[in-house]
Amino acid sequence: RKGKRAAITFSGPNANAVSIPVSAILEGYGAQASVFLVNAQTGAVERRRLSVGKLSGDQIIVTGGLPADSVIVTDGAAYLHDGAEVRITEDVAAIQ
């Protein structure tokens, strides 16, 4: 099963902070968390470290390290590795 994606929305008092599904986090917490980003042109994924903060339900606040217009893997990331190719099968909303 291919990974799912999610809309990333602005949240909280920090205008640069966004929230993503907790399921997107591969490992770690704080400044040691990581996710897979999808390169929209090649379909390849790349592991990216980012900083996360407070949990809010099934979402976690990203406080740094996630570029604008990012597409992240939110499901099935444990089966991927850097450079693995994925196919986007649903509509995606990127950070605006």
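Which side chain meets E46 in a salt bridge? The side chain of R48 does, with 3.7 Å from N to O. Both ends count as partly exposed: E46 has a relative accessibility of 42%, and R48 has 26%.

Before going on, a word on what we are looking at. This is a predicted model. The average pLDDT of the chain is 79, and 73% of the residues reach at least 70. Among the elements, strand β3, residues 33-38, has the highest mean at 92, while strand β1, residues 9-10, has the lowest at 52. Where pLDDT is low, the predicted coordinates should not be read in detail.

Now the overall layout. The chain has 5 strands and 0 helices. Of its 96 residues, 38% are buried. If we take contacts with a separation of 6 or more, 57% of them involve residues 24 or more positions apart. The chain exposes about 5700 Å², and carbon and sulfur atoms supply 49% of that.

Back to the charged side chains. The whole structure has 2 salt bridges. Besides E46 with R48, there is E27 with R47, at 3.5 Å from N to O. That pair links distant parts of the chain: E27 is in the loop between β2 and β3, R47 is in strand β4, and they are 20 residues apart. E27 is partly exposed, at a relative accessible area of 40%, and R47 is partly exposed as well, at 38%.

As for aromatic pairs, the structure holds 0.

Notes
Residues are numbered from 1 along each chain as its sequence is written. This is a predicted model: local features need pLDDT of at least 70, side-chain atom pairs count only at pLDDT 80 or more; totals for chains, interfaces and linings use all residues. Side-chain values use heavy atoms; hydrogens and water are left out. pLDDT is the predictor's confidence in each residue, from 0 to 100. Helices (H or I, at least four residues) and strands (E, at least two) are DSSP runs, numbered from the N terminus. Rings of Phe, Tyr and Trp (its six-membered ring) pair if their centres lie within 6.5 Å; planes under 30 degrees apart count as stacked, over 60 as edge-to-face and the rest as tilted. Buried means under 20% relative accessible area, exposed over 50%, partly exposed in between (1.4 Å probe, protein chains only). Contact means heavy atoms within 4.5 Å. Accessible areas come from the Shrake-Rupley method with a 1.4 Å probe; for residues, only the protein chains shown count as cover. A salt bridge is a side-chain nitrogen of Lys or Arg within 4 Å of a carboxyl oxygen of Asp or Glu.
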